[in-house]
Amino acid sequence: MLSSNLHEALTDQMNYEFYSAHVYTAMASYCKSENYDGFSSFFLAQAEEERTHGMKIYNYIHDRGEQAIISGFDHPNNKYESILDAFEKALEHEKEVTSRIYNLSDIARDEKEYATISFLNWFLDEQVEEESLFNGIVQKLKQINNDPTSLFTYDSKLAKRTHTTFVE
Ligand SMILES: [Fe+2]
């Protein structure tokens with residue numbers, strides 16, 4: 001059994017992970033429309049990963065004897081000024097996810113819900129990796145500074161990322 005407060009907070013985060021998949025699919029679509037297939041497939045792999053994060057929480061909620069309530073969410077942004085802009089927005093998004101996981105951890109700690117604290121530790125570790133990944137790409141794109149040759153080379157490099165393989 002989870003408290004109603006924690007059940008609600010976990011459900012909210014589960015839906016935010018599914019929303020994240022939607023956000024990254026929109027970013028993939030923008031990159032593809034700009035003919036950067038590598039950045040596009042990178043974002044699609046990220047979208048897949050976000051869906052597994054959502055399902056991880058879904059399974060946890062059910063393991064604790066509650067129902068995972070699926071909700072709708074806001075429209076993701078489909079317009080970006082540049083590839084750099086899309087990755088900067090992705091980094092901002094990951095920072096928002098991190099602060100949400102921190103808030104969730106605070107609730108679990110206040111309730112002395114040790115199982116949930118342990119469950120959330122995986123997400124805390126994951127967020128360190130996610131922020132580092134996107135920050136690294138943003139820094140690289142700033143160095144490239146819109147140089148077309150370098151940008152297409154980097155696009156090809158990021159195309160090699162799959163759902164389970166990170167390139168960077
Ligand atoms: Fe996530």
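At what angle do helix α3 and α4 pack, and how far apart are their axes? In this predicted model, the angle between α3 (residues 83–110) and α4 is about 160 degrees, and the axes are 9 Å apart.

## Helices α3 and α4

Angles over 145 degrees count as roughly antiparallel, so α3 and α4 are roughly antiparallel to each other. The crossing in which α3 passes α4 is left-handed. By class, the residues of the contact of α3 with α4 comprise 18 nonpolar, five polar and seven charged.

## Helices α1 and α4

For α1 and α4 the packing angle is about 25 degrees, and the axes lie 14 Å apart. Angles under 35 degrees count as roughly parallel, and α1 and α4 are therefore roughly parallel to each other. Their crossing is left-handed.

On the α1 side, the contact is made by L6, L10, E17 and Y24. On the α4 side, T116, F119, L120, F123 and F134 take part. Sorted by class, the contact of α1 with α4 holds seven nonpolar residues, one polar and one charged.

## Annotated binding site

An unreviewed UniProt entry places the feature "binding site" at E17, E50, H53, E94 and Q127. These positions are spread over 111 residues of sequence, yet they cluster in space, with a largest C-alpha distance of 12.9 Å.

## E17 and Q127

Which helix holds E17, and which holds Q127? E17 is in helix α1 (residues 4–33), while Q127 lies in helix α4 (residues 114–144). With a relative accessible area of 1%, E17 is buried, because the cut-off for that class is under 20%. Q127 has a relative accessibility of 3% and therefore also counts as buried.

Not counting residues up to four places away in sequence, E17 touches E50, H53, G54, I57, V97, I101 and F123. Among them, E50 and H53 also belong to the annotated binding site. The contact with F123 is part of the packing of α1 with α4, where both E17 and F123 are listed. With neighbours within four places in sequence left aside, Q127 is in contact with E94, V97, T98 and I101. Of these, E94 is another annotated binding-site position.

## Annotated domain

The annotation "domain: Ferritin-like diiron", from an unreviewed UniProt entry, covers residues 1–145. This span is 80% helix and 0% strand, and its end C-alpha atoms lie 52 Å apart.

Conventions
Residues are numbered from 1 along each chain as its sequence is written. This is a predicted model: local features need pLDDT of at least 70, side-chain atom pairs count only at pLDDT 80 or more; totals for chains, interfaces and linings use all residues. Side-chain values use heavy atoms; hydrogens and water are left out. UniProt positions are given in the numbering used here, feature names are shortened, and annotations may be inferred rather than shown by experiment. Helices (H or I, at least four residues) and strands (E, at least two) are DSSP runs, numbered from the N terminus. Buried means under 20% relative accessible area, exposed over 50%, partly exposed in between (1.4 Å probe, protein chains only). Contact means heavy atoms within 4.5 Å. Axes are lines fitted to C-alpha atoms, for helices over the stretch in contact, and angles run from 0 to 180 degrees between N-to-C directions. Angles under 35 degrees count as roughly parallel, over 145 as roughly antiparallel, 65 to 115 as roughly perpendicular and the rest as oblique. A crossing is left-handed if the near helix is turned anticlockwise from the far one by less than a right angle, and right-handed if clockwise. Ala, Val, Leu, Ile, Met, Phe, Trp, Tyr, Cys and Pro count as nonpolar, Asp, Glu, Lys and Arg as charged, and the others, Gly among them, as polar.
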